[in-house]
Amino acid sequence: MLKVNSLVKSFGGLLATDNLSFEVEVGTLHAVIGPNGAGKTTLIRQITGETKPDSGTIIFDGKDISDIPVHLRSALGLARSFQITNIFPDMSTWDNVALAVQAHAGHSFHFWKDARKDPVLREPALVFLKQVGLEERADIVAGQLSHGEHRQLEIAMALATRPKMLLLDEPMAGMGPEESKAMVEILQGLKRKLTILLIEHDMDVVFTLADQITVMVYGRGIATDAPEAIRKHPEVQAAYLGEEEVSA
Ligand SMILES: Nc1ncnc2c1ncn2[C@@H]1O[C@H](COP(=O)(O)OP(=O)(O)O)[C@@H](O)[C@H]1O
Ligand SMILES: [Mg+2]
């Protein structure tokens, strides 16, 4: 689904991405872990097109997307769940997703109608709300959702673009244990339906969900492997997992 080849990105003298290469297989949940400042967010931004690499290539679904703009990557099926999205706080949760469905459908499709009333948009919107566990909150004004529910809504809006691959940068950030647990269940449900690249610092979450894990340290990819192999990898243990045993 995704192939990152010899990617390099520097900020002044700092190598945020240092000759990074890895592949993400179709239908897998692939986690990227690494300490703060390892270059995880910079990697995501290069995949979406927000940040331009100095060198290297990014192949998505067989196409070289290295030089194409953000909106075209999105049209090819790459979606990032943004922490700051264009959620309308005065509209219902359902209306927000219906508008995202309409936006994706494009101007040729029912643009003259009110998305909030059109069943052609509302029905798929409800499917996306169910996938993120928000169907019971469909009629709540989005501004009244909790922090965790807000993040769930952002994922529903990303799903409305019908992506092949979803990029998630620390989706549990700022969540309490109950909200995190709900998010893990949502990601379990989305797994296999589409390819997911997940950046997450909670190792229990990563080892629960991931099919493959790439470990980054100072911009370098020090290993890409299955969770069990990553757990045993000596360089990974030394550089990142440290003394602390990761619970099974
Ligand atoms: N726009 C930028 N300008 C300068 N330095 C940046 C910029 N973005 C990120 N960095 C630096 O690049 C390194 C990697 O950052 P980041 O990708 O945010 O790491 P992570 O997400 O793994 O915590 C950090 O040292 C950070 O300070
Ligand atoms: Mg980050």
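1. Two strands pair if DSSP finds at least two bridges between them, while strands (E, at least two residues) and helices (H or I, at least four) are DSSP runs numbered from the N terminus. This is a predicted model, in which local features need pLDDT of at least 70 and side-chain atom pairs count only at pLDDT 80 or more, although totals for chains, interfaces and linings use all residues. Residues are numbered from 1 along each chain as its sequence is written, with chains lettered from A and ligands numbered from 1 in the order in which they are written.

2. Strand 9 (residues 212–217) pairs with strand 10 (residues 220–225) in the antiparallel sense over five bridges, and Met216 has Gly221 of strand 10 as its bridge partner. The two strands form a hairpin with two residues between them, and in the turn Tyr218 has a positive phi of about 45°.

3. An open sheet is formed by four strands in the order 2-1-4-5, with antiparallel pairing. Strand 2 (14–24) and strand 5 (63–64) are the edge strands, each pairing on one side only. Strand 5 is joined to strand 4 (residues 55–60) by two bridges, the strands running antiparallel, and Lys63 of strand 5 is the bridge partner of Phe60.

4. Helix 1 (residues 40–48) packs on this sheet, where it touches strand 1 (2–11), strand 2 and strand 4, and its direction makes about 65° with that of strand 2. Residues are in contact if their C-beta atoms, placed from the backbone, lie within 7 Å; angles run from 0 to 180 degrees between N-to-C directions, and axes are lines fitted to C-alpha atoms, for helices over the stretch in contact.

5. The axes of helix 5 (residues 147–159) and helix 6 (residues 177–190) come within 9 Å and cross at roughly 20°. His147, Gly148, Arg151, Gln152 and Ile155 of helix 5 make the contact with Glu179, Ala182, Met183 and Ile186 of helix 6.

Key:
Two residues are in contact if their C-beta atoms, placed from the backbone, lie within 7 Å.
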